[in-house]
Amino acid sequence: MLVYSSGLDLSTSALRLLRRELTARRRRIGTRRRRLACGRQALMALAHLRCGHTFAQLAAGFGVGLATAHRYVTEAVAVVAVLAPTLQQAMAVAARKAFVILDGTLLPIDRIAADRPFYSGKHRKHRKHRKHGMNVQVLTDPFGKLIWASPALAGAVHDIQAARTHGLLDALSTGSIRCWADKAYQGSGPSVRVPFRGRWNKLSAGKKAVNRAHAKIRALGEQAMATLKSWRLLRKLRCSTTRITDLVKAVLALELTASA
């Protein structure tokens, strides 16, 4: 395999955070010597998350075995994933905002058509857009900056069902936090504001104006989706579905560190 030098479009804060956490872990478990130093292991994990490089590519680039590359990356992801904010911590942040924006995204996965639980029919009118994936709920501030991302559920789970499963709707209601969301969250409760339903040509002028204003607000939440998927690994996941929650949490923790 050919190997070449490349760069990562990340700030050094992400590398410092991951290196610090890996160093602390090695001290806790009493690791004496490893093939790669903490800084190189952190860089390998960031290359996997940001660029989507396979373990074979990482092994060749960093001069380690395939099993070692897999073990190093998995360890690094687990170490940083625990730093992601919990729902309670996210609600404490959201309570200080004028409002928050809620939306769901589908992270594509490598699955065959027979895997029905992961088959999302969100775009029912466009068969070619239907995908296999994992449903992740994302909460942002009024400017589209990430606050929280949920554990991953199978893509067949509807957005409102996913939000209920995670306890997000109850948390928003309990904290009296105003939230803007799309039509998929119709019936979520008084804290969640959704646009008026119905065909556009049958809506009154007042309802159309409300829906336009609502769409402008929700459009800012799309920035968070773009931020998540700037980590190329999340654009097409080819790993076990049990690992995806940790991958999302790791990306969230790194993004919040960079933005801070």
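This is a predicted model: local features need pLDDT of at least 70, side-chain atom pairs count only at pLDDT 80 or more; totals for chains, interfaces and linings use all residues.
Leaving aside neighbours within four places, its contacts are Val77, Trp231, Arg232, Leu233, Leu247, Ala250, Val251 and Leu254. Leu49 is also among the residues with the most contacts inside the largest nonpolar core, alongside Leu18, Met44, Leu237, Ile244 and Leu254. That core has 50 residues. At least two core residues each come from helices H1, H2 (38-51), H3 (55-62), H4 (66-81), H9 (222-229) and H10, and from strands S3 (131-140) and S4 (146-149). A second core is separate and holds 20 residues, including Ala90, Leu139, Leu169 and Leu172.

Helix H1 (residues 12-29) packs against helix H10 (residues 244-259) with axes 8 Å apart, at an angle of about 125°. The range for roughly perpendicular pairs ends at 115 degrees, and roughly antiparallel begins over 145. H1 and H10 are therefore oblique to each other. Their crossing is right-handed. On the H1 side, the contact involves Ser13, Ala14 and Leu17; on the H10 side, Ala253, Leu254, Thr257 and Ala258. Five of these residues are nonpolar, two are polar and none is charged.

H3 and H4 form the other pair. Their axes come within 8 Å and cross at roughly 105°. This angle makes H3 roughly perpendicular to H4. H3 contributes Phe55, Ala56, Leu58 and Ala59 to the contact, whereas H4 contributes Leu66, Ala69, His70 and Val73. Here the division is seven nonpolar, one polar and no charged residues.

Key: Residues are numbered from 1 along each chain as its sequence is written. Side-chain values use heavy atoms; hydrogens and water are left out. Axes are lines fitted to C-alpha atoms, for helices over the stretch in contact, and angles run from 0 to 180 degrees between N-to-C directions. Helices (H or I, at least four residues) and strands (E, at least two) are DSSP runs, numbered from the N terminus. Angles under 35 degrees count as roughly parallel, over 145 as roughly antiparallel, 65 to 115 as roughly perpendicular and the rest as oblique. A crossing is left-handed if the near helix is turned anticlockwise from the far one by less than a right angle, and right-handed if clockwise. Contact means heavy atoms within 4.5 Å. Ala, Val, Leu, Ile, Met, Phe, Trp, Tyr, Cys and Pro count as nonpolar, Asp, Glu, Lys and Arg as charged, and the others, Gly among them, as polar. A nonpolar core is a set of buried Ala, Val, Leu, Ile, Met, Phe, Trp, Tyr and Cys residues joined through side-chain atoms within 4.5 Å. Buried means under 20% relative accessible area, exposed over 50%, partly exposed in between (1.4 Å probe, protein chains only).
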